[in-house]
There are 2 protein chains.
Amino acid sequence: MTQNIYDEPEFFAGYSQLERSERGLDGAPEWPAIRDLIPDLSGKVVVDLGCGFGWFARWAREAGAARVLALDVSENMIARARQDTHDPGIDYRIADLNRLSLPDDEFDLAYSSLAFHYIEDFDHLVENIRRGLRPNGQLVFSIEHPIYMAPEAPGWIDLNSRKTWPVNQYLVEGQRVMNWLADGVIKYHRTIGTTLNSLIRRGFAIDHVLEWRPVETQIRDKPALTDEMERPMILVVKALRLVR
Amino acid sequence: MTQNIYDEPEFFAGYSQLERSERGLDGAPEWPAIRDLIPDLSGKVVVDLGCGFGWFARWAREAGAARVLALDVSENMIARARQDTHDPGIDYRIADLNRLSLPDDEFDLAYSSLAFHYIEDFDHLVENIRRGLRPNGQLVFSIEHPIYMAPEAPGWIDLNSRKTWPVNQYLVEGQRVMNWLADGVIKYHRTIGTTLNSLIRRGFAIDHVLEWRPVETQIRDKPALTDEMERPMILVVKALRLVR
């Protein structure tokens, strides 16, 4: 049974107040680095896996995408996305990424922000995405970095007056239950190797691996981001569907 | 100026007594997993970058390699490797990986065990290896895992009675000075992303990324290896030189 934490009132209320929910893509410090990995979208067909309030879908259309299919498991999010959008080129639908079924050879770009770490069977998801992409289609996604997600107690500790991330059980993959916005949020920890090898085995070429870090201007504007240099919070992968 | 710590008497004496130095490949717990990534070597030409006492070079010949060029910066190691080997198919040479110059299109496999993290300019090294490999030639190498190498104080701490690795300055790449076998050993920390992107940019396809972990039989034989599940110590990458 898939957990749909997003539609629990406490989680949804908290999520709605995140800077990235209120301000959209510009509220996410990793967005400029991800944007640099997105190909020219003019005339392209895009699928957004875990679209939330639809910020990326609308950006993709402004960037020239012909059509965007925007999927999310949360009824609340899809309702809000539809309400915020007046664009027949975006098709918002409720869909569970655990049971994803995309049309074959349809998309030029599959995009996903911070959703795949909620998915237990990543291999199955990757196979679905591969089939949905056209040959040479691209996949760009972010997840919580496995260093961030691995620990039994994921929170800063102080070591010799330095913020330090207490890594343990990194090589023990599987479920992590977190209290974030609500209690009992289930995520799935996979190592970087496992994530990349799943893609490679299923016919993707790895094009770029980004362990996101703030740039100088971001740290100047928001000094608290310095802490992000101590351990990576977000992993971004760009991969290409090989022709075969 | 390149540091050649291996020929400092204190380091060499300590290194010579490591299990992997005395027993060879079978003294390295990661070896079985690496061996599985090595292609069939029958009739193949191999270069070993950082060959140490020559254990891999001799194994490669037993596995059918036609010739092995085995390079190391350490005069002591090359002297000992030559002394231990009676095989005209292995050519041991003193060479600094920082100033590597391989013949073009010569090798089917480039192999390296735990040497590249001593190299400051990884891009330059990768470019040299690429040129030395034949098209579709393979590169298999291990390095200290960046999680292992990143911290200011890389050593276990106890957190709620669990061995924990205190990760900090992970996204601050560059020199790390360690006291291991001798004082002041210089290593270079790079993130996984940086390492993989260097390879991709220079014409390699990533084939496999292995964050080494002990298997059950190893833990049964040597229970202390359980700790290795808490954080990865060794990263292994297999990459293919693309034809272009």
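In this predicted model, Leu159(A) lies opposite Arg162(A), a residue of strand S7(A). The strands involved are S6(A) and S7(A), the latter spanning residues 162–167 of chain A. They run antiparallel. Their pairing rests on 3 bridges.

This pair belongs to an open sheet of 4 strands. The order is S6(A)-S7(A)-S7(B)-S6(B), so the sheet draws on both chains, and its edges are held by strand S6 (157–159) of chain A and strand S6 (157–159) of chain B. Each edge strand has a single partner, so one side of each lacks a neighbour in the sheet. The pairing in the sheet is antiparallel. From one strand to the next, the twist averages 55°. In general, strands of a sheet pair through backbone hydrogen bonds, in either a parallel or an antiparallel manner.

Two helices of chain B also pack together. Helix H6(B) covers residues 122–132, and helix H8(B) covers residues 192–201. Their axes are 9 Å apart and meet at an angle of about 40°. The crossing of H6(B) past H8(B) is right-handed.

Residues from both helices make the contact. H6(B) contributes Phe122(B), Asp123(B) and Val126(B). From H8(B) come Thr195(B), Ser198(B), Leu199(B) and Arg201(B). Sorted by class, the contact holds 3 nonpolar, 2 polar and 2 charged residues.

Conventions: Residues numbered from 1 in each chain as written. Chains lettered and ligands numbered in written order. Predicted model: local features only at pLDDT ≥ 70, side-chain atom pairs only at ≥ 80, totals over all residues. Heavy atoms only, no water. Pairing = 2+ DSSP bridges. Axes fitted to C-alpha atoms, helices over the stretch in contact; angles between N-to-C directions. Left-handed = near helix turned anticlockwise from the far one by under 90°. Contact = heavy atoms within 4.5 Å. Nonpolar A, V, L, I, M, F, W, Y, C, P; charged D, E, K, R; others polar.
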